[in-house]
Amino acid sequence: MLPLRSVCGGIWRAAVHTVRTSRGAPPYRLLSSTCDGAPAALADADTIFALSSGHGRCGVAVVRVSGPASATALRCMAGFTQRLPPPRTALLRSITDPRSTEVLDRGLVLWFPAPRSFSGEDSVEFHIHGGPAVITAVLQALGSVPGLRPAEAGEFTRRAFQAGKLGLTEVEGLGDLIHAETEAQRRQALRQMSGELGRLYQDWSDRLKRCLAHVEAFIDFSEDELIEDGVLNRVDVSVRDLQAEIERHLKDERRGERLRGGVQVVIAGATNAGKSSLLNKLCQRPAAIVSPIAGTTRDVVETALDLGGFPVLLSDTAGLRDSSDLVEREGVRRALERVEQADLTLVVVDSAHLPSEVDRAAAFLREHLSSVIRISRCLLVLNKADLLPEKQRQKLDMELRGVSGLPAVCLISCQTNEGLKDFLTVLHSSVKTLCGDPLFGAPTLTQARHRAHLQRCAAALAQYQRYRDTDLALAAEGVRVAVTSLGRITGRVGAEEILDIIFKDFCIGK
Amino acid sequence: MGHESNGVSNRDTPSFNFYSDRCASHMLRKKLPFLHSLLSPVSRHVGHLAGHQYDVIVVGGGHAGTEAAAAAARVGAETLLITQKIHTIGALSCNPSLGGVGKGQLVKEVDALDGLCGRAGDWAGIHFSILNRRKGPAVWGPRAQLDRQRYRDFIQSELLSTPRLTVLEGSVEELLVTEPNPEEPGHHRVTGIRLANGSHAISARSVVLTTGTFLSGSLFVGQTTSPGGRIGDAPSSPGLSHTLRERLGLRTGRLRTGTPPRIVKDSVDLSLAKLHLPDSHPTPFSFLNTHTHCKPEEQLPCYLTFTTPGVERVVRESLQLNCHIQQDTKGPRYCPSIESRVLRFPGRSHQVWLEPEGVTSDLLYPQGLSMTMPPDIQLRLIREIPPMRRAEIHTPGYGVQYDFVCPTQLSPALQVKSTQGLFLAGQINGTTGYEEAAAQGLWAGANAARWALSMPTVTLSRTESYIGVLIDDLVSRGVTEPYRMFTSRAEFRTSLRPDNADLRLTPKGFEEVGCVSSVRYQESLRVRNSLQDALTALQALFLSTSSWKKKLPSVPISETKSTLLTGLDLLQYNDVTFEMLASAFPESLSSYMEFAQRLKIEAVYKPHCDLNKKEIERIQREENMSLPQDIDYFSLPVSLSDEVREILDRVRPSTLGAATRLEGITPAAVVNLLNYVRVTEKKKETHRNQRHQEARGILKVNLSEKKEKKVRCREHTLKF
C-alpha cells in the first residue's frame, strides 16, 4: 500500500518560490523506487503509455505514448512500415493490434519527435473513439509492443518536469499533484485490495515471498546448516502452481472489471438522517428500505446510476452511531470502509438537529464532518429541510454557502422534493469534475498496469524453471523479479522481510 | 565473538609501552621472523618517530583496525596503529576461518581494494573450499580454515613493513575533541587521543575507532561476570565510552556474542564424525595469487557431527546457571549459541563442525557450540556428543556483551556525522564477523586518510559492491541485532559476483580512492582489457547453427532457433565451455585461456547484468544527489509532514537515494527534497561563480541587485 502523509499546500508554495532560482539546473530524477513501489517506472529508457483523456463517456479518447520506443509503437500499430509520418501532423489511420493485425479502430495519429513534445521525449498520440472496449483494446495492444509498459500515475508529468518542459506554475502544482495521485491510487488500491481480487493477489504475493525466502535460505545457509532437502522441491511445486494460476488469471481477466467502472459515491451520516431516502430518490426506485426506525440500514446497499452520462456507483451505508448490536456494529464498520474508498461522499445531516444560529450551525457541521470522513471529497446534504421554519431555512441556505472549512452545502427534503433539483446539479458537476480529471483512476489503465505486472511476474517464474538446475542464483533472481512485479500491485517487499521469513522457517546457525 | 582485538584498556594495564612524544625512536616493535612471502613483497621500512603529529590514528588491532591502518597508510597518510598488545594483532578471536557465502564476497572485495585479509587467508589457509559450488557463480562462497598463528604472522609482518605506518603498544584513555571547523558540517572535531598511564596526548587529524567487543565489554561464564573484551584481555577504558556518549552525545546500544569452548584434539574420537575434505584444487582469495601457500595435499580436513537429545537436556537443566542467556541483549540471530538454538528449535539435531585450529595446533574448534554455561556443565554438554564422549576442554566458551554506536549516526564514509575526523569500523558499528569488520576497516581507514589529507571522502554504492550494501544498510537502516552479510541482502547479486570484484573495485580504488597500488591497478587493467577483447572475439564468431554443429558436434544445438549464433551465445549453453570454443577456434581464442572460467561466467550472466544496468543507473543518479548533513529538517522551508521530518532528522540520509529507501518517506516528500537539493546546489554554484568573479576582479555591476533578489527570495521562503 502506498504510504500516506498529509501535505500542507501552503508550505509547498514556499518550495516553489525557491525553485525560481534554480531554472536551468540539470534535470534530476524525481521519484524513488520505494515511494511509489515502482522502480522501473522511472527508468529513462522505458516507454510508457496511458489514456490521457478523462474517464467516462466521451466521443474521442486520447492515448499517449512517450519514450524511445514510441516510433516502434507507431510503426506497428498505425502501419507506417517505410518511414514515419511528418512530425506534429494529424493523419487518419487504421489502428491495428500488432499481434493479430486485427483492426481495432480508425483514428488520428500524431507523431511528436523529441524534444518538441509534451514530455520532451519521442511521443505519439492516438486519438480514438471513446468507448471502453476500444480504449481497452488499444491499451492492451500497446502493452504487447516490446519496450512499452503502462505509465504509473503522473509519470508523463514527471517526465515533462525532468525534461524542463513544465512552466513554473505547473511545477508549483507538482507536489500537490503527486499527493493527489497517490491519494487516488490509494483509494483505488484499497478498493481492489479489499475485494476478492485483492485477496487473490495477496495470497500469491505471500506464497511467492515464501518461495523466495526458501530459495534464499538454501543459497545463504544450506552449506553450513540443516536445510531439509525437500525445501527446493517444495519451491518447485509452488512456483509451477503459481505460474499456472497467474497465466490462467491473465486469460480470464475481464471478470469483475465492470464493477470498478464508475465513480464511487457513498452516502454516509448519522442514523435516521434520511440516507436511504436520498438513495431511493436518486435512483428513482425503492432500492433501500426506508423506515423511521434508526438503524434500519445495516449493510451497504449499492446501485448503479447514470448521472447525466457519467457512470456512478451509489452506495447507501448504515447510520453511524455506537451500537451494542453486533450486526449493526459490523454495518458501521463497513460504512466507514466505504467512505474511505469513496471518490465522493454525500454526508447527510438531519436539519432538525442543527443549532438555530448559523455560526453555531457551521461549527456543528464542521465537527460532524470530521467525525464521518477524513480525506475524500464530499458534499453536505441537509435533509428534512421541510421540518425547519421557512425563515431559518432561508437563512441557512444563504449563509452556509461559502463558509470556510465546509464543502458545498445543499438543503433538501426527500419528503417534499424541495432543493433536490439544485442538489442534482451540484452532484452532477462534482461527478463531472471527477470523471474529467485524468488523475481519477481510470479502471482500464489500472487493469493494463496490473496485467503488465502479472505478465512480468509469470515470465520471471519461467526463468526460475529454466535455471533451477544449472544456476540457483539466476533462478532466485527470477523469483525476486516475480515478487517485485507482484509487489507493484500489492505493496513493496524488502530484503529484511525475506530474511524474517527465513528465520521464522529455519533453524539457522552460522 | 571478539572479532577485533583492540588497543584500549584500563589504566592499570601493564603492557603500556610508550616513552615520550619527543624521543620514541625505540618504540616497541616486535621482531618477527622474516616471511619469505611468495604472496606479497615485504618491504622493510624504518620506524617513524611517534612524537610528531600523525595524520591518522587507528585504535585497535583486529580485523577492522589492521585493514584501516594499512589502508590509511596506502592512501598516503602518516598512520599510527595503537593496540593493547602487539602480539595479538591479527588474532582470530573466534572461529579459525575466513570467507563463506556472502562473506567470501567481502573478502574478494577487500582484496580488490588492496586490503590484507585475502592475501593473509591465502597464506594461512589450511583447508580451502568454495561453498555453493553447484548454485551458480554469483553465490559462490570462497572459504578457508586458517592456521591462527600463520594468519597473525602474516598480518603483523605486513603491517610492520608498511611504509608510513607505525605500530604502538598502549591503551587509549580518551579522545581529544575540540570546536569544529566551521567550514564543514559537525558539532565537534577530533584532534587526537590521550593514552592511559601518564596522559600522553598524541595528535592526529583523524581517528579510527575499532574497539570490537572491548567497548565497555564484559565477559560471562555461568553466573560470573567480569569486565573484559576477550578472555585474558581487559576492556577499553571507561573514559573512551564516556567521551563517545557524554562528550559527543552519541547514541549507543548493547549487543552480545559468544564463543565455543576449545577442545583438546587428542581427546576426540574423530572416527565417529563425518570426514569433510577440502577442494582438491584450492582457490586463492586474492586476485594477485595464482595458488595458495598451503599445498593441495597438505590441507587438513574438517569433521561434521550432530547434537543429541542429551545436549538439549543439559541446556535446559542449566538455564538458571546461565546469566548471559537470560539477558535481553540482542545476540546474533545468524550465529546463535547452542542454548538459543535448542531453545528456539527444540527436538532437533543440530550440526556441529569440528575444525582444525592450525597445522601444529592440538586444539579443535567446535563450530556451532558457542555457549556460556559454567565450565563443568560445558564439559557435560559436549560429552553428550558421540565423538566427544571423553573430550577435554582446553578453554571454556564464554559470552561477551559490549557497546556499539548506533551506526545511523555515521556517514557513508563511516565518519561520525557530528564529529569531524572521527571514523568507526567493525563491531563498534553493530556488525559481527571478521569479513564485515575488515571491509569497514578498509573503507574507514581510506576515508580517514583522505580526510586528514584534505581530500574529499569517498563512498561506495550498494549497486557496485557488497561493501556498499553493508555500509548503506548500516548507516541508513541501523541495526537491531549483530549485522551479518548475506548474498540475499544485495539487490544486484548477479552483477556483484566474487569473480568480478577486481573489475568493479580495483580501478576505482586506484583512481578515486588511492588505496590500491599501481602494480595491482595495472594488473586489473590488463585483466579488464583481455576480458573485453575476448568477449569481442567471441561476438565476432558469427556462424549459422549448422556450421556450429559441425564445429562442436557434441553440443545439442537446436536448428529451430535463430539461424545465426555468436560464440558468446554458444558460451551461454550449459554444456559449452570456453575451452571447447578455444580448441575449435584456436587462432582467435587460445590467447585468452587463462580467463576461461571468468569468460564462461561473464557470458552466462551478461544478459541478466544488462537488465540490472538500467535500475543501477537510476539508483546511482539518486545517490549522486547529496543531502547536506547539517540540514535542520524541522525548519526546512519545504512541504514535509511532521512524521517525515522526524524520520529525516533521526536518520539524516546522506543522499536522496538513501532517503527514498527509508520507511515512511512519501513520493511528495522526495519531490520536495529534490527541489531543495536543486536549489541549494544552484545556490552553491552561483556563490562559487561569484567568488570566482570577485577574485578575478570582473564582478558585474548588477551584483547588488542580485543580492537584493536573493534576500527577497529568502524572506519569502521563511514566511511559510
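Modeller: Let us begin with two packed helices. Helices (H or I, at least four residues) and strands (E, at least two) are DSSP runs, numbered from the N terminus. In chain B, helix H10 (residues 434-452) packs against helix H11 (residues 466-477) at an angle of about 85°, and their axes are 10 Å apart. The axes are lines fitted to C-alpha atoms, for helices over the stretch in contact, and angles run from 0 to 180 degrees between N-to-C directions. This is a predicted model, in which local features need pLDDT of at least 70 and side-chain atom pairs count only at pLDDT 80 or more, while totals for chains, interfaces and linings use all residues. Residues are numbered from 1 along each chain as its sequence is written, chains are lettered from A and ligands numbered from 1 in the order in which they are written, and side-chain values use heavy atoms, leaving out hydrogens and water.

Colleague: How is the angle between H10(B) and H11(B) described in words?

Modeller: Angles under 35 degrees count as roughly parallel, over 145 as roughly antiparallel, 65 to 115 as roughly perpendicular and the rest as oblique. H10(B) is therefore roughly perpendicular to H11(B).

Colleague: Which residues of H10(B) and H11(B) meet?

Modeller: Contact means heavy atoms within 4.5 Å. From H10(B), B:Glu436, B:Ala439, B:Gln440 and B:Trp443 meet B:Ile467, B:Leu470, B:Ile471 and B:Leu474 of H11(B). The residues of this contact divide into six nonpolar, one polar and one charged. Here Ala, Val, Leu, Ile, Met, Phe, Trp, Tyr, Cys and Pro count as nonpolar, Asp, Glu, Lys and Arg as charged, and the others, Gly among them, as polar.

Colleague: What span should helix H7 of chain A have?

Modeller: The expected span of a helix is 1.5 Å times one less than its number of residues. For the 22 residues of H7 (residues 230-251) of chain A this gives 32 Å, and the end C-alpha atoms are 32 Å apart, which agrees.

Colleague: Which residues of H7(A) are buried?

Modeller: Buried means under 20% relative accessible area, exposed over 50%, partly exposed in between (1.4 Å probe, protein chains only). An α-helix has 3.6 residues a turn, so residues three or four places apart point the same way. The buried residues of H7(A) include A:Val231, A:Val235, A:Val239, A:Leu242, A:Ile246 and A:Leu250. In chain A, buried residues make up 56% of the 510 residues.

Colleague: How many salt bridges are there over all chains?

Modeller: Side chains of opposite charge can pair when their charged atoms come close. The count comes to 50 salt bridges over all chains, each being a side-chain nitrogen of Lys or Arg within 4 Å of a carboxyl oxygen of Asp or Glu. In one of them, A:Glu328 pairs with A:Arg321, with the closest N and O atoms 2.7 Å apart. A:Glu328 is buried at 3% relative accessibility, whereas A:Arg321 is partly exposed at 35%. A network of salt bridges links B:Arg462, B:Asp472, B:Asp473, B:Arg477 and B:Glu491.

Colleague: Where does B:Ser370 lie, and is B:Ser370 buried or exposed?

Modeller: B:Ser370 lies in the chain B loop between strand S17 (363-367) and helix H9 (375-382). With a relative accessible area of 8%, B:Ser370 is buried. Not counting residues up to four places away in sequence, B:Ser370 touches B:Gly258, B:Thr259, B:Pro260, B:Ser337, B:Ile338 and B:Glu339.
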